[in-house]
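Good morning, and thank you for making time for this.

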Amino acid sequence: MNDVTESVDVNVPISTAYNQWTQFESFPQFMGGVESISQTDDRHSHWVTKVGGVRREFDAEITEQHPDERIAWKSTGGDASHAGVVTFHRLGDHDTRVTVQLVWQPEGLVEKAGSLIGMDSHQVKADAARFKAFIERRGTETGQWRGDQPAPGTQAASEVPASPEPLPATSGRADIVDVLLAEHEHIIEMFARVRAASGDAKKQLFGGLTELLHTHETGEQQIVHPVTRVNADEGRQIAGDRVEEENNADQALAELEALGTGHPQFDAKFEAFHLAVLTHATHEEQEEFPSLRQLPAQSRQAMAEDFLSVQGARN
């Protein structure tokens, strides 16, 4: 999984910059490699891209949107794994800092080779520069949509409590897929709480998120992925890809821990890490969980007990 972060300062009010980024169909005018985007409704769109001669199509969904603050999206189907977030920071009445973070999985030799030599970083930098020229030349947006869309399973930032409630204990004969989905929701909620916090509270919440991710990963690698290798079509490849994503996430998390929550670069890198985790969870839910659902109920319940036992041993 690759990620790139790029910022650009534009000479327009924050509302103008934000409004333009809600107009997905205008992206081809300043994003290289994007041939077309068709918006199907306020949250969903269909993308056609061509990078390095490789043409791809995929659907995307807005996962979070707050006027004049941020827009996040991720792919939901098609032949590309992609996620992005753009944030807006007011520098003055007519000046705005726009930060774009993209996460995607390179496919094939051309895309992987391009990533190795930094072509993706140059592309995003060039896109940011083209957006600056586009919006400053116009001076106004081509359209706007100012609806508010909270992240899945989260509250608005102003409603997030200072400390998280623990994940409810599972009682009775739990199903492994239900346990995993509940933990995914808890992880998403913890990301929102870290983002909304500051100072010592942010440091404490980030520590809790870190432990939660490590515990979740331990259970998956010891209990879930081995079953996927044996039972799913192309299970060895699917499980291998998930483990690779988890190893990459471990490296990114270690970098965040080394920076600390007070570091100037922490928030930008945290957003890129958040997108990578969301993408990984989506892959699991789309590729692993359906095959797990096909197992006998008794097997799923035994897996849940083993999974929770492994997590308890780690704690």
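This is a predicted model: local features need pLDDT of at least 70, side-chain atom pairs count only at pLDDT 80 or more; totals for chains, interfaces and linings use all residues.

For an overview, the chain has 8 helices and 7 strands, and buried residues make up 47% of its 315 residues. If we take the contacts between residues at least 6 apart in sequence, 62% of them join residues that are at least 24 apart.

Let me stay with Glu-234 for a moment, and ask what its phi angle is. Phi is about 55 degrees, which is a positive value although Glu-234 is not a glycine. Is Glu-234 buried or exposed? Its relative accessible area is 66%, and because anything over 50% counts as exposed, Glu-234 is exposed. There is another residue of this kind, Asp-68, whose phi is near 65 degrees, again positive in a residue other than glycine; Asp-68 is placed in the loop between S4 and strand S5, which covers 70–78.

Now to the helices. Two packed helices are described by the angle between their axes and the distance between the axes. Helix H6, residues 235–259, packs with helix H7, residues 266–293, at an angle of about 160 degrees, and their axes are 10 Å apart. Since angles over 145 degrees count as roughly antiparallel, H6 is roughly antiparallel to H7. The crossing of these helices, H6 and H7, is left-handed. On the H6 side the contact includes Ile-238, Ala-249, Leu-253 and Leu-256, and on the H7 side the residues include Phe-266, Phe-270, Phe-273 and His-280. Sorted by class, this contact of H6 with H7 has 9 nonpolar, 2 polar and 8 charged residues.

H7 also meets helix H5, residues 199–231, and here the axes come within 13 Å and cross at roughly 25 degrees. Are H5 and H7 roughly parallel or roughly antiparallel? Angles under 35 degrees count as roughly parallel, and therefore H5 and H7 are roughly parallel to each other. The crossing of H5 and H7 is left-handed. Among the residues that meet are Phe-206, Leu-209, Leu-213 and Val-224 in H5, and Phe-266, Phe-270, Phe-273 and Val-277 in H7. By class, the contact of H5 with H7 divides into 10 nonpolar, 4 polar and 5 charged residues.

Let me turn to the aromatic residues. How many aromatic pairs does the structure hold? There are 19 aromatic pairs. In one of these, Trp-47 and Phe-58 are stacked, with 5.5 Å from centre to centre and 25 degrees between the planes. This pair links distant parts of the chain, since Trp-47 sits in strand S3, residues 44–51, and Phe-58 sits in strand S4, residues 54–66, 11 residues apart. The cut-off for a buried residue is a relative accessible area under 20%, so Trp-47, at 1%, counts as buried, and Phe-58, at 3%, is buried too. Both residues also belong to one aromatic cluster, which includes Trp-21, Phe-24, Trp-73 and Phe-131.

Finally, I would like to look at residues in two further strands. Val-10 is found in strand S1, residues 2–10, and because its relative accessible area is 1%, Val-10 is buried. Although Val-10 and Thr-96 are 86 residues apart in sequence, their C-alpha atoms are 5.4 Å apart in space. Leaving aside residues up to four places away in sequence, Val-10 touches a set of residues that includes Ala-17, Thr-96, Phe-131 and Ile-135.

Gln-39, in contrast, lies in strand S2, residues 34–39, and is partly exposed, with a relative accessible area of 27%. Which residues does Gln-39 touch, not counting residues up to four places away in sequence? They are Thr-22, Phe-24, Glu-25, His-44 and Ser-45. Gln-39 and Asp-59 are 20 residues apart in sequence, and their C-alpha atoms are 9.7 Å apart in space.

Terms used
Residues are numbered from 1 along each chain as its sequence is written. Side-chain values use heavy atoms; hydrogens and water are left out. Axes are lines fitted to C-alpha atoms, for helices over the stretch in contact, and angles run from 0 to 180 degrees between N-to-C directions. Helices (H or I, at least four residues) and strands (E, at least two) are DSSP runs, numbered from the N terminus. Angles under 35 degrees count as roughly parallel, over 145 as roughly antiparallel, 65 to 115 as roughly perpendicular and the rest as oblique. A crossing is left-handed if the near helix is turned anticlockwise from the far one by less than a right angle, and right-handed if clockwise. Contact means heavy atoms within 4.5 Å. Ala, Val, Leu, Ile, Met, Phe, Trp, Tyr, Cys and Pro count as nonpolar, Asp, Glu, Lys and Arg as charged, and the others, Gly among them, as polar. Rings of Phe, Tyr and Trp (its six-membered ring) pair if their centres lie within 6.5 Å; planes under 30 degrees apart count as stacked, over 60 as edge-to-face and the rest as tilted. Buried means under 20% relative accessible area, exposed over 50%, partly exposed in between (1.4 Å probe, protein chains only).
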